[in-house]
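Open the structure in your viewer and keep the selection panel at hand. The tour goes from stop to stop, with something to select at each.

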Amino acid sequence: MTPKDAVRFAREQHAEVIDLKFMDLLGTWQHFTIPLSEYDESIFEEGLGFDGSSIRGWQPINASDMLVIPDPTTATMDPFYAAPTLSLLCNIVDPVTKEDYTRDPRNIARKAEAYLKSTGIADVAYFGPEPEFFIFDDIRFDQNQHEGYYHVDSIEGVWNSGREERPNLGYKPRYKEGYFPVPPIDSQQDIRTEMVQLMEKVGIRVEKHHHEVATAGQAEIDMRFLPLVKMADALQWYKYIVKNVAKRHGKTATFMPKPIFGDNGSGMHTHQSLWKGEKPLFAGDGYGGLSDLAMHYIAGILTHAPALCAFVAPTANSYRRLVPGFEAPVNLAYSSRNRSAAVRIPMYSPSPKAKRIEVRFPDPSCNGYLAFSAMLMAGLDGIERKLHPGDPLDKDIYALTPEELAHVPSVPGSLDEALKALEKDHAFLLKGDVFTEDVIQTWIEYKRAKEVDPLRLRPHPYEFALYYDV
């Protein structure tokens with residue numbers, strides 16, 4: 001869709017306002033809205049101004065002016081506003097230099113795709129994330145000088161099996177038994193279907209949806225794979241639709257990786273493959289039906305996994321899920337079919353076109369533009385350096401002896417460890433100026449100042465149970 005097409009599309013859809021969406025560094029969609037009278041082809045070239053100092057991780061106040069440049073190919077009607085609203089995703093530009101802004105996550109993803117093509121290795125990188133999330137009925141939390149608590153609740157939560165509900169009808173999924181019984185135990189079928197219908201309405205192809213393992217409304221909706229930037233765009237629409245449909249039903253959705261103690265957290269297993277023209281480059285006659293190139297890509301992922309975690313598992317809460325011996329794959333090994341490995345080779349189909357790898361340690365709290373770009377750069381580094389991932393680990397990793405596990409590296413145990421790994425290992429991200437040193441340092445500094453250090457300063461509620469009577 002050209003700028004002219006995008007302007008015509010707005011009128012054909014009887015849009016009354018235009019919503020301009022863009023991504024901050026941490027991964028939250030921002031937006032502002034203009035009336036149709038201000039919408040013409042010129043904004044696709046000249047852009048519109050905003051205050052970059054008010055966006056997390058962006059400009060200082062003395063250099064705050066920035067421009068949004070809408071991408072006409074992203075024009076679609078927003079399904080939630082009362083007034084007919086055309087939505088456009090935007091890139092960010094410096095108004096003085098007219099250059100793409102280096103801290104704009106969408107720009108980083110665009111550069112990652114350009115770098116891939118410049119290597120001659122492949123034309124396109126496909127990504128297929130599987131974001132999991134919870135749909136709750138109530139959420140309350142606070143933290144101040146004299147108290148700290150959270151309270152989550154769900155009509156589905158098995159902890160409510162004895163609650164007076166006038167009447168309590170039971171049918172609440174037991175812990176780790178939510179995958180995937182039919183209604184009435186699965187009480188959110190219609191809500192998820194509504195989410196899917198709206199995703200399809202904005203152009204996202206959905207493969208399936210279902211209840212996930214945990215009690216209390218854990219869910220998953222799987223999107224059809226797309227090229228990197230388009231999939232990162234789609235992931236933002238996905239989160240936006242999930243949250244707003246939940247709110248429409250008087251519920252609340254969260255992509256927080258580990259909101260419930262004692263049950264499964266929410267991951268985002270991410271399928272990946274490289275293609276050149278019509279040729280799937282990961283298909284071959286090696287282990288798991290993979291090519292040598294795919295094995296090098298896996299080696300790049302495993303080699304750089306500790307640093308990758310700073311982008312693909314980017315919250316302190318991510319490491320409540322990534323705990324050795326529990327449900328998430330923390331051991332840095334690869335295997336076919338084996339879901340306890342950090343990198344799995346799905347074996348559903350013998351077709352070369354279906355050949356891909358699945359990276360299992362990311363979670364949906366991530367910024368998709370940064371997470372997909374970082375994983376692609378790690379995989380390409382493995383290909384360029386012809387790294388090898390070692391032998392596959394086809395045993396159940398959770399059943400290995402401590403002696404056997406001693407030879408299997410694992411992901412970092414905390415966000416702080418992941419940031420330290422990124423600090424030491426990020427040269428692979430700088431190739432092609434995809435990530436810049438400024439972006440890496442800004443990310444590390446922000447995460448430490450706003451997340452790691454504040455958590456260090458605050459006592460945890462469970463510490464009172466452990467230590468109050470010492």
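## Stop 1: the cavity

The structure, which is a predicted model, holds one cavity of 30 Å³ or more. The volume of the largest cavity is about 40 Å³. To see what surrounds it, select Lys21, Phe22, Met23, Trp29, Leu89, Cys90, Arg106 and Tyr369, which line the largest cavity.

Now colour two strands, β1 (17-23) and β6 (85-93): each supplies at least two residues of this lining. Which strand gives the most to the lining of the largest cavity? With three residues, that strand is β1.

## Stop 2: a nonpolar patch

Switch to a surface view and select Ile139, Phe141, Tyr150 and Phe261. These residues form a nonpolar patch on the surface. Together they have about 540 Å² of accessible area.

Pick out Ile139, which sits in strand β8 (residues 138-143). Is Ile139 buried or partly exposed? Its relative accessibility is 35%, so Ile139 counts as partly exposed. The cut-offs behind that label are under 20% for buried and over 50% for exposed, with partly exposed in between.

## Stop 3: Pro259

Pro259 belongs to the loop between β13 (252-254) and β14 (268-276). Why does Pro259 count as buried? Its relative accessible area is 9%, and buried means under 20%.

Next, show the neighbours. Leaving aside residues up to four places away in sequence, Pro259 touches Phe134, Phe136, Tyr150 and Val152.

Then draw a distance from the C-alpha atom of Pro259 to the C-alpha atom of Ser318. The two residues are 59 residues apart along the chain, and their C-alpha atoms are separated by 10.0 Å.

## Stop 4: the loop between β9 and α4

Select the loop between β9 (148-153) and α4 (189-201), where Pro167 is placed.

Zoom in on the backbone. Arg166 and Pro167 are joined by a cis peptide bond, with omega about 5°. A cis peptide bond also joins Pro183 and Pro184, where omega is about 10°.

Stay with Arg166 for one more angle. Its phi is positive, about 50°, although Arg166 is not a glycine. Is Arg166 buried or exposed? Arg166 is exposed, because its relative accessible area is 72% and the cut-off for exposed is over 50%.

## Stop 5

Select helix α10 (residues 415-424) and show its side chains. Which residues of the helix are buried? They are Leu415, Asp416, Ala418, Leu419, Ala421 and Leu422. Bring in the partners of these buried residues: they pack against α6 (292-312), α7 (318-321), α11 (427-430) and α12 (437-457).

With α11 and α12 still shown, end at Asp433, in the loop between these two helices. Phi of Asp433 is near 60°, a positive value in a residue other than glycine. Asp433 is partly exposed, with a relative accessible area of 43%.

Key:
Residues are numbered from 1 along each chain as its sequence is written. This is a predicted model: local features need pLDDT of at least 70, side-chain atom pairs count only at pLDDT 80 or more; totals for chains, interfaces and linings use all residues. Side-chain values use heavy atoms; hydrogens and water are left out. Helices (H or I, at least four residues) and strands (E, at least two) are DSSP runs, numbered from the N terminus. Buried means under 20% relative accessible area, exposed over 50%, partly exposed in between (1.4 Å probe, protein chains only). Contact means heavy atoms within 4.5 Å. Patches are made of residues with over 30% relative accessible area and no salt bridge: like charges are joined within 9 Å, nonpolar side chains (Val, Leu, Ile, Met, Phe, Trp, Tyr) within 5 Å. Accessible areas come from the Shrake-Rupley method with a 1.4 Å probe; for residues, only the protein chains shown count as cover. A salt bridge is a side-chain nitrogen of Lys or Arg within 4 Å of a carboxyl oxygen of Asp or Glu. On a 1 Å grid over the protein atoms alone, a cavity is a set of points where a 1.4 Å probe fits but cannot get out, and a pocket is an open set with protein on both sides within 12 Å along at least five of seven lines; lining residues have an atom within 4 Å of a point. Grid points are joined across faces, edges and corners, and a volume is the space filled by probe spheres set on the points.
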